[in-house]
Amino acid sequence: MRTQPTQLFCTPEHRKDWNNRAAVRARVLMPFAMVARLTRNGTRGDKATGRQATQHHNTLLRRWTDEDKAEGRMPWVEYLQRRYAAGFDPLDRG
């Protein structure tokens, strides 16, 4: 149960689980996301590697989205909406 307007999760355990799952997924996804972006999804540079990275990136996103939905987890769009509403700025270096 959320008790503060800017609280994202109902319990500290749920927050911890979310953050741990996000960290693991990020470590897996980041190389594919970078290569997909840098090769413009396999249309520039090393096209074969870019296409494969894009495919893996998209497959993992679909898999995790389906898994989260099946488990009743907060959708990522809602998560980021809540963060932005609370003043989150990922580019703020202050």
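**Exercise 1. Determine which side chain D68 meets R25 through, and where in the fold the two residues lie.**

Solution. In this predicted model, in which local features need pLDDT of at least 70, side-chain atom pairs count only at pLDDT 80 or more, and totals for chains, interfaces and linings use all residues, the side chains of D68 and R25 meet in a salt bridge at 2.9 Å, N to O; the term requires a side-chain nitrogen of Lys or Arg within 4 Å of a carboxyl oxygen of Asp or Glu. Residues are numbered from 1 along each chain as its sequence is written, and side-chain values use heavy atoms, with hydrogens and water left out. Helices here are DSSP runs (H or I, at least four residues), numbered from the N terminus. Finally, both D68 and R25 are buried, a class that means under 20% relative accessible area, with exposed over 50% and partly exposed in between (1.4 Å probe, protein chains only).

**Exercise 2. Trace the network of salt bridges that includes R73.**

Solution. Start from R73, which forms a salt bridge with D68, the closest N and O atoms being 2.7 Å apart, and another with E67, where the closest N and O atoms are 3.4 Å apart.

**Exercise 3. Describe how α1 and α2 pack, and by which residues.**

Solution. Helix α1 (residues 12–38) and helix α2 (residues 47–70) pack at about 150°, their axes, which are lines fitted to C-alpha atoms over the stretch in contact, lying 7 Å apart. That angle makes α1 roughly antiparallel to α2, since angles over 145 degrees fall in that class. The crossing is left-handed, meaning that the near helix is turned anticlockwise from the far one by less than a right angle. The contact (heavy atoms within 4.5 Å) includes R21, R25 and F32 of α1, together with W64, E67 and D68 among those of α2.

Notes. Axes are lines fitted to C-alpha atoms, for helices over the stretch in contact, and angles run from 0 to 180 degrees between N-to-C directions. Helices (H or I, at least four residues) and strands (E, at least two) are DSSP runs, numbered from the N terminus. Angles under 35 degrees count as roughly parallel, over 145 as roughly antiparallel, 65 to 115 as roughly perpendicular and the rest as oblique.
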